[in-house]
Amino acid sequence: MTMSALWYVRRLSRMGPREVAGRAGDAVRRRRWRSARPSCPAVRNARFTSVLPAGALGTVPPDAAKRLVAEAERLMAGHVEFFGVVRDDLTEPDWWYDPRTGRHAPWGYAFGLPYRDEEVSGDIKQIWELSRHQYLTVLAAAYALTGDERYAERVAAHLRSWWASNAPLRGVHWISGIELGIRVLSWVWIRRLLDGWPGAVALFEDNPVARHQIWHHQRWLAAFPSRGSSANNHAVAEAAGQFAAACAFGWFPSSERWRADALRSLERHLTHNTFRSGLNRELATEYHGLVLELGLAALAEADAAGVQVPAPVRLVLLRMTDALAAVVDTRLRPPRQGDADDGHGLVVDGAGTDRWGSLLATGDAVFGRLSWWPQTPGTDVRTPLLAALIRPYAQHGTAASVRRPAERPAHFADAGLTVLRATGRSGPAAGGAGEIWCRCDGGPHGFLSIAAHAHADALSVEVRHDGVDVLADPGTYCYHGQPAWRRYFRSTLGHNTLELGGADQSVSGGPFLWTRHARSRVLVADTPGDGVARWGAEHRGYRRSVHRRRVELSAAEAELRVVDEVRGPRRAARLAFHLGPAVAADLTGSRARLSWERDGEERFAVLDLPGQLRWRAHRGESDPPLGWYSAGFGRKEPATTLVGTGFTSEAEAFTTVLGFRG
């Protein structure tokens with residue numbers, strides 16, 4: 001997908017004067033760097049001292065170590081899966097190959113390559129993911145735990161291959177700052193985890209090629225930070241990677257300056273990217289996880305190097321952890337809100353490790369759990385390693401003055417996110433015992449002027465029963481190269497909300513650009529511990545019309561009621577309810593009988609839909625897309641979507657009732 005002249009006009013319209021000036025300076029610098037190829041300064045007596053404390057590896061739980069080694073063996077056999085595409089060529093990887101399209105990215109000066117054009121470069125996400133080198137951190141961790149030198153030797157071979165094949169500023173791996181930031185963070189951990197290997201010093205400190213690459217990565221990150229309307233999670237990744245490298249590989253004349261600048265940037269962007277309540281401002285849950293992982297990794301480097309970290313950094317990470325603990329369901333799954341691309345900050349665990357349980361376990365080790373936190377029964381490798389480097393929060397002088405929530409928060413006013421909860425009736429005829437969890441969205445349309453990772457989902461709801469998606473957020477599926485699917489998964493019709501006039505609530509100007517944002521406000525958020533929980537909000541994304549939604553969750557009745565009202569002229573309407581992939585639906589008229597299995601037990605619910613609308617079930621349709629669920633980036637599967645069509649009327653609301661009563 002190439003960017004049209006109209007896209008550039010739209011994109012420019014979302015920038016302020018300071019950002020325009022900064023980007024103009026970047027453009028001049030890129031042209032100058034095309035011909036200027038400086039060499040890494042001479043380095044004498046380079047040493048790596050940021051090692052794990054003695055005994056840290058011995059605290060890794062045996063089951064987590066077992067998962068890690070199993071994953072390492074799959075990698076050693078050449079097997080890996082990225083974004084739904086299985087690869088068997090990892091013994092000798094081709095760093096520019098996209099296995100999904102079969103294309104190779106072109107070679108040349110990085111800033112002149114058409115990396116967004118899938119016809120030329122292939123799927124850039126597939127190409128970039130391998131070169132984040134997070135599979136190498138897994139192999140390095142396997143070496144650290146087992147002492148098996150096969151893992152270390154494979155890591156060394158792949159690093160040498162990558163360094164030889166990707167000269168600075170040549171090729172697609174030198175285009176995006178987030179890729180450089182995450183990659184150099186991976187190198188820090190690879191060096192740390194290989195510390196007991198006899199070849200580690202020759203691979204890093206005594207290797208001029210390695211020093212050359214590390215220096216150029218930091219030089220790039222210092223020169224081209226994400227700016228203005230793009231200063232989202234990318235800016236955090238760039239700052240975290242730069243800071244980690246400057247702490248652990250502080251061998252260069254500029255290292256002290258890079259470290260100080262990166263720490264200031266990290267503090268600024270962590271604070272700017274996070275609501276005071278602790279939720280990420282992009283309102284895209286997976287980016288909350290990414291930013292939290294990156295922040296914790298940077299904190300580990302600071303404490304390992306003895307670098308004083310500003311108090312707001314730890315405070316933001318604490319609030320993010322408490323917010324995550326507050327919003328997860330009974331299976332420790334957070335909301336499926338906004339974009340999600342399976343991005344991680346630091347990977348040292350095997351397949352089957354729960355990401356969110358791991359983050360909460362780390363939060364417990366670093367900050368201490370609160371009484372209302374959910375239990376985190378899972379185990380992981382990353383938590384004991386980070387905890388060995390990060391000083392416990394209680395040891396910091398500001399910890400005593402920080403007020404943490406005494407009870408589990410349900411309403412996050414600044415983010416416009418509310419979680420309603422109730423305990424369902426027991427027994428299969430009542431849907432089965434378990435928590436009814438409902439996420440209601442009345443918040444801003446994303447972050448910054450372009451809201452890059454937002455979806456047109458104002459007033460949408462997401463409902464789970466005992467952790468199973470019943471009314472589901474369909475997910476993301478793709479970014480580049482498949483515009484029809486990108487439009488669908490972030491459309492209003494692609495969410496559990498009301499579409500008017502066949503248009504989205506917010507106006508898209510491109511795959512990561514919104515030119516007009518629906519403005520929402522929460523009217524009611526009453527979340528008692530028992531009884532009936534109530535939520536209400538409205539948005540004005542449709543001109544001349546106001547969509548108002550009320551939601552009530554009754555614990556006694558195990559019932560969710562959704563009432564939609566539209567104030568304004570009569571308009572064509574489509575009301576969508578997306579069912580989770582495990583849910584079967586039998587639709588008769590305006591009633592759908594739902595069924596699914598949970599732990600071998602069949603569960604039931606009834607969905608009574610507004611009778612004023614004509615209802616139809618859609619599943620796995622492609623022209624146009626409708627009836628799909630994406631469990632992860634690059635993956636999609638058919639799922640039932642119920643769509644009611646008709647017209648609005650100020651005199652009559654649309655009422656939907658979901659009862660977990662069989």
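Colleague: Where is W174 found?

Modeller: W174 is found in the loop between α7 and α8, and please keep in mind that this is a predicted model.

Colleague: Is W174 buried or exposed?

Modeller: W174 has a relative accessible area of 0%, and because buried means under 20%, W174 counts as buried.

Colleague: What is W174 in contact with, leaving aside its neighbours within four places in sequence?

Modeller: The contacts of W174, with neighbours within four places in sequence left aside, include A110, F111, W162, N166, A167, P168, L169 and L180, and also among them are Q213, H216, H217 and W220.

Colleague: You mentioned α10, so how many of its residues are buried?

Modeller: In α10, 12 of the 16 residues are buried, so that the helix is mostly covered.

Colleague: What span should α10 have, and how far apart are its end C-alpha atoms?

Modeller: At 1.5 Å a residue, the 16 residues of α10 (residues 208-223) should span 22 Å, and because its end C-alpha atoms are 22 Å apart, the two values agree.

Colleague: What reaches the backbone nitrogen of V209 at the start of α10?

Modeller: At the start of α10, a side-chain oxygen of N207 comes to within 3.0 Å of the backbone nitrogen of V209.

Colleague: Changing topic, at what angle do the axes of α11 and α12 cross?

Modeller: The axes of α11 and α12 cross at roughly 150 degrees and come within 8 Å, which means that α11 is roughly antiparallel to α12. The residues making the contact include A239, F243 and C247 of α11, together with W258, L266 and H269 of α12. The crossing of α11 and α12 is left-handed.

Colleague: Last one, where does S506 lie?

Modeller: S506 lies in the loop between β8 (498-500) and β9 (507-510), and S506 counts as buried at 2% relative accessibility.

Colleague: Which side chain does S506 join through a polar contact?

Modeller: The side chain of S506 makes a polar contact of 3.4 Å with the side chain of H445, and a polar atom of the S506 side chain also lies 2.8 Å from the backbone nitrogen of A518. Not counting residues up to four places away in sequence, S506 touches H445, A456, W514, R516, H517 and A518.

Note on methods:
Residues numbered from 1 in each chain as written. Predicted model: local features only at pLDDT ≥ 70, side-chain atom pairs only at ≥ 80, totals over all residues. Heavy atoms only, no water. Helix = DSSP H or I, 4+ residues; strand = E, 2+ residues; numbered from the N terminus. Expected span 1.5 Å × (residues − 1). Buried < 20%, exposed > 50% of the residue type's maximum accessible area, 1.4 Å probe, protein only. Polar contact = N/O pair within 3.5 Å; in protein donor to acceptor, adjacent residues only side chain to side chain. Axes fitted to C-alpha atoms, helices over the stretch in contact; angles between N-to-C directions. Parallel < 35°, antiparallel > 145°, perpendicular 65-115°, else oblique. Left-handed = near helix turned anticlockwise from the far one by under 90°. Contact = heavy atoms within 4.5 Å.
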